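I opened the notebook to look through one structure, and I keep the entries in the order in which I looked things up.

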Amino acid sequence: MTASDVDLELPAGSRDPAKARRAAVDPARPGEKCRAPAARWAPAIDRNKCEGKSDCVDVCPYSVFELGTLSDVEFDALTTLGRLKARRHERRTSRTPRAEACRACGLCVVACPEDAISLVLRP
Ligand code: SF4
Ligand code: SF4
């Protein structure tokens with residue numbers, strides 16, 4: 001962790017620390033700046049918007065995300081525009097296999113170029 005990470009209260013662990021630092025200073029960054037207990041919040045991905053560009057994978061300090069491929073059922077559930085986009089990006093999409101590790105830093109929300117991620121309180 002560098003001195004500037006400490007200033008930003010940014011935990012180590014992001015795959016792309018420079019991208020994570022840029023996201024950390026975005027005024028639109030939501031969440032609890034990593035102060036939330038694990039599993040209080042989780043990222044929700046809008047499959048109609050996600051294009052599998054992997055910025056969320058790059059910035060998350062807790063390795064919540066990995067890239068995957070839309071199943072036929074998920075593809076069929078998309079809107080017409082979502083299907084057009086999905087065909088263009090070979091059905092790549094982001095998964096959250098470690099969602100319970102999320103600490104609500106909000107980095108993924110502002111890093112996503114498709115505005116596809118929101119943070120939701122878990123029941
Ligand atoms: S959710 Fe956003 S940042 Fe993550 S893979 Fe999809 S488009 Fe990329
Ligand atoms: S808000 Fe959660 S899922 Fe998103 S980057 Fe931060 S820890 Fe990862």
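In what order do the elements of the protein chain run from the N terminus on? I read them as α-α-β-α-β-α-α-β-α-β, with a total of 6 helices and 4 strands, where helices (H or I, at least four residues) and strands (E, at least two) are DSSP runs numbered from the N terminus.

Before going further I noted that this is a predicted model, in which local features need pLDDT of at least 70 and side-chain atom pairs count only at pLDDT 80 or more, while totals for chains, interfaces and linings use all residues. Residues are numbered from 1 along each chain as its sequence is written, and chains are lettered from A and ligands numbered from 1 in the order in which they are written.

**Overall form.** I noted that the C-alpha trace spans about 45 × 30 × 20 Å along its principal axes. Of the contacts with a separation of 6 or more, 80% join residues 24 or more positions apart; a contact here means two C-beta atoms, placed from the backbone, within 7 Å.

Buried residues make up 28% of the 123 in the protein chain.

In H2 I found Ala 20, Ala 23 and Ala 24 buried. They lie on the same side of H2, because they cover an arc of only 100° around the axis, the arc being that of the directions from the helix axis to the C-beta atoms. These buried residues pack against H3 and H6. Leaving aside neighbours within four places in sequence, I found Cys 60 in contact with Ser 14, Phe 65, Leu 107 and Cys 108.

**Ligands.** I counted a residue as near a ligand if its C-beta atom, placed from the backbone, lies within 6 Å of it. Around ligand 2 there are 15 residues, and Cys 60, Val 64, Cys 102, Cys 105 and Cys 108 come nearest. Around ligand 1 there are 13, of which Cys 50, Lys 53, Cys 56, Ser 94 and Cys 112 come nearest.

**Loops.** Ala 39, in the loop between H2 and S1 (41–45), has a positive phi near 80°, and counts as exposed because it has 12 C-beta neighbours inside 10 Å. Asp 115, in the loop between H6 and S4 (117–121), has a positive phi near 55°, and is exposed with 11 such neighbours inside 10 Å. Ala 28 also lies between H2 and S1; I found its C-alpha 6.7 Å from that of Val 110, although the two are 82 residues apart in sequence.

Note on methods:
Buried ≥ 20, exposed ≤ 12 C-beta atoms within 10 Å, placed from the backbone.
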